[in-house]
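Visitor: Can you walk me through this one? I'd like to go over the fold, the salt bridges and the surface.

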Amino acid sequence: MKALAHDATALYDVPGPKTERRHRLYGVLSTLIVLGLLAWIFYLLFDTDQFTYTKWMPFEYKGIQELLLRGLGNTLKAFALAAVLSLVLGTVLAVGRLSDHRPVRWLATLVVEFFRAMPVLVMIFFIFVALKVQPLPALVAGLALYNGSVLAEVFRSGVNSVERGQGEAAFALGMRKTQVMTHVLVPQAVRAMLPAIISQLVVALKDTSLGYLITYEEFLHAGKLIASNLDYDLPFIPVVMVISPIYIGMCMLLSWFAQWVSKRQRRNPKVEAAEVAPAEPGTLLPGVQ
Amino acid sequence: MDVLTSNFSTFAKGFLGTVELTVYASILALVLGFVMASFRVAPVGSFRAFGTVWVTVLRNTPLTLLFFAVLLGLPRFGLVLPFKVFAILALGCYTSAFICEALRSGINTVPRGQGEAARSLGMTFSQTLSMVVLPQAFRSVIPPVGSTLIALAKNSAIAGAFSVNELLGTYKTLSELGYNIIWTFFWIAVGYLIITLTISAIFNVLEKRWGVPR
């Protein structure tokens with residue numbers, strides 16, 4: 001069991017009894033340091049009265065709970081819309097990039113590269129401020145443009161990861177390009193792409209919080225409303241302590257789902273050749289994908 | 001069009017603000033990412049656990065939430081620093097998680113025999129890591145680290161929305177002065193393109209010199 005745990009690395013040997021004792025000492029010391037840091041943070045929190053009843057009282061009220069739930073609902077709504085639209089846009093752009101017609105390919109490449117190079121927030125602000133769009137559509141449009149462009153690359157590398165013989169055989173049977181794509185390449189590519197797609201959806205979920213900056217009434221916005229309430233003595237830290245675990249938890253669940261899917265696939269003999277790497281965050285580097 | 005020429009100083013200030021933020025946050029992210037990556041491959045269990053928690057939590061935290069907590073939350077319990085320092089801390093810590101993972105996957109690409117050979121020469125863990133494995137891992141992580149830093153430059157826009165003086169923030173000043181908002185955004189976009197293309201060019205040069213295909 002022990003040897004198994006250490007098997008994965010080339011960096012050190014299975015420790016002997018002396019080294020083991022030394023490691024245990026390091027372990028205890030570092031744990032003590034971390035615990036000390038945590039204790040110091042708790043001391044600071046108590047010292048600045050973050051655990052007083054007034055500061056935590058708001059969470060007992062139904063109205064405030066509803067406000068938070070509504071915010072969470074709005075976050076999930078923006079996420080769902082952005083996810084669907086980016087998948088659609090990603091498909092369209094990937095089809096464009098895989099097209100046989102040069103102008104179409106160039107146009108799709110230009111769109112993909114531009115939207116990947118821009119900060120999402122700049123696009124969202126542009127749509128919100130310059131085009132005077134409502135917060136929710138502005139947020140969703142910005143997220144869809146960015147994530148759609150990234151997903152287009154995922155789809156493209158997914159289709160390209162299918163063995164070349166597959167496409168050639170389908171063409172030899174007399175299928176048209178559309179048929180080759182929809183009947184042969186895409187069904188095989190989807191399996192390999194799935195983990196990368198879900199990882200990109202985690203990015204979309206995280207980025208819905210950008211809606212806060214354009215006054216979309218999402219989860220963080222609801223938190224901010226409560227946090228700046230004078231009646232409860234500005235319960236800023238309690239709000240952060242309540243909303244962060246929920247936000248981080250949602251993203252973690254989705255990340256774990258992606259990992260679970262990819263692990264399950266690695267065991268599946270049907271998808272051996274293809275493994276699509278998740279898209280690099282914002283790349284302009286040739287040769288990365 | 002005249003938005004740029006007549007407000008060059010505003011744009012330049014925002015541009016330099018973004019560059020400054022990106023440079024300092026990159027340094028912090030690279031250092032922290034390196035430390036966390038060493039933790040994650042260390043023989044001591046508690047180091048590994050700490051590294052894993054750090055990476056898992058930060059990678060799944062929305063950056064806006066992190067900025068919210070750091071810029072607006074930390075002052076509430078007595079930690080008052082300039083806004084810019086807070087922004088660098090938030091950006092740097094967030095990005096360090098991605099740098100750490102890039103480094104770690106780079107370490108995994110180094111053949112096991114290399115580490116075994118180093119050990120048979122009597123090297124310790126830190127010697128093996130710093131003299132044999134990392135120099136080789138470094139060559140294969142140039143592209144992913146480059147794209148992580150490009151992402152950092154783009155993410156620095158969020159700091160602007162939290163009123164740290166940087167490129168995106170210039171639109172507020174200029175729209176108050178009544179300039180055409182579309183052209184303002186055009187020049188902001190150009191500014192970001194300059195920054196991201198520069199980073200990508202730098203990393204292309206690095207890759208040509210030292211890179212190896214993964």
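Visitor: Ground rules before we start?

Guide: This is a predicted model, where local features need pLDDT of at least 70, side-chain atom pairs count only at pLDDT 80 or more, and totals for chains, interfaces and linings use all residues. Residues are numbered from 1 along each chain as its sequence is written, chains are lettered from A and ligands numbered from 1 in the order written, and side-chain values use heavy atoms, without hydrogens and water.

Visitor: How many helices and strands in chain A?

Guide: Chain A has 11 helices and 0 strands. Helices (H or I, at least four residues) and strands (E, at least two) are DSSP runs, numbered from the N terminus.

Visitor: What share of chain A is buried?

Guide: Of its 289 residues, 47% are buried. Buried means under 20% relative accessible area, exposed over 50%, partly exposed in between (1.4 Å probe, protein chains only).

Visitor: Salt bridges now. How many over all chains?

Guide: The count is 10. The rule: a side-chain nitrogen of Lys or Arg within 4 Å of a carboxyl oxygen of Asp or Glu.

Visitor: Which residue does A:R97 pair with?

Guide: A:E153, at 2.6 Å, N to O. This pair links distant parts of the chain: A:R97 is in helix α4 (residues 62-97), A:E153 in helix α7 (residues 135-161), 56 residues apart. Both are buried.

Visitor: And what else does A:E153 bridge to?

Guide: A:R156, with the closest N and O atoms 3.2 Å apart. A:E153 and A:R156 both lie in α7, 3 residues apart, about one turn of the helix. A:R156 is buried too. A:R97, A:E153 and A:R156 are linked in a network of salt bridges.

Visitor: What about A:D100, buried or exposed?

Guide: A:D100 is exposed, at 57% relative accessible area. Its side chain meets A:K177 in a salt bridge (3.7 Å, N to O). A:K177 is partly exposed, at 28%.

Visitor: Switching topic. Which residues make up the positive patch?

Guide: A:R191, A:K263, A:R264, A:R266 and A:R267. Patch residues have over 30% relative accessible area and no salt bridge, with like charges joined within 9 Å. Helix α11 (residues 236-266) gives the most, with 3 residues. A:R267 is in the segment after α11. A:R267 counts as exposed because its relative accessible area is 64%.

Visitor: Over to chain B. What does B:L206 touch?

Guide: Leaving aside neighbours within four places in sequence, B:L206 is in contact (heavy atoms within 4.5 Å) with B:I142 and B:G211. B:L206 is in helix α10 (residues 181-210) of chain B.

Key. Patch = residues over 30% accessible without salt bridge, like charges linked within 9 Å, V, L, I, M, F, W, Y side chains within 5 Å. Areas by Shrake-Rupley, 256 points an atom, 1.4 Å probe, with all protein chains shown as cover. Lys, Arg positive; Asp, Glu negative; His and termini not counted. Charge placed at Lys NZ, Arg CZ, Asp CG, Glu CD.
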